[in-house]
Amino acid sequence: YTFSAFAKASGSSVDGQVQLRIFELDENENVVNWDEDIAFHKFQGINALAGQKSSGKVTVNESEWAKVSVTKTIAFPNAVKLGVRFENVKVQTAVFWDDVSLRQVLDNTDTINNSFSYNLVVKKYESGYFILVIHL
């Protein structure tokens, strides 16, 4: 799955820094595995896959929208949902998020017209993070 969103800094004079983090969740919305996924492509094998993966940090400014995306291969058979955390990495900055999308990436194809359905549930935490829970 590839999850994408666009971000930009608010009207501050300071650039922001953001990243997306995607988690594999079980039926009770618990993270299946907290290890970081290091696989860059499917040929690295199952040992490179883990329960979460981040987009890496992206610098954003107030003049243009920056695309932030993360691609995650499901590694655990008990993962039935995905959690996506929108992270504002730079303190004392505000970031706007827009145009969120989720695509199922299929092996050996260049087409994106295969559809699937999902439900989104937004959860906000006291830490300031909010997470989308995607029921696959």
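I looked up Glu 29 first: at 24% relative accessibility it counts as partly exposed (buried means under 20% relative accessible area, exposed over 50%, partly exposed in between, with a 1.4 Å probe and protein chains only). This is a predicted model, where local features need pLDDT of at least 70, side-chain atom pairs count only at pLDDT 80 or more, and totals for chains, interfaces and linings use all residues. Residues are numbered from 1 along each chain as its sequence is written, and side-chain values use heavy atoms, leaving out hydrogens and water.

Which residue does Glu 29 form a salt bridge with? I found Lys 81, with the closest N and O atoms 3.3 Å apart (a salt bridge is a side-chain nitrogen of Lys or Arg within 4 Å of a carboxyl oxygen of Asp or Glu). Glu 29 lies in the loop between β2 and β3 and Lys 81 in strand β6, so the pair ties together parts 52 residues apart in sequence. Lys 81 is buried, at 11% relative accessible area.

Next I checked Glu 87, which is buried at 5%. Shared partners join Arg 21, Glu 36, Arg 85 and Glu 87 into one network.

Glu 87 also forms a salt bridge with Arg 21, at 3.1 Å. Glu 87 is in strand β6 and Arg 21 in strand β2, so this pair links parts 66 residues apart in sequence.

Last, I noted the totals: 6 salt bridges, 0 helices and 9 strands (DSSP runs numbered from the N terminus: helices are H or I with at least four residues, strands E with at least two).
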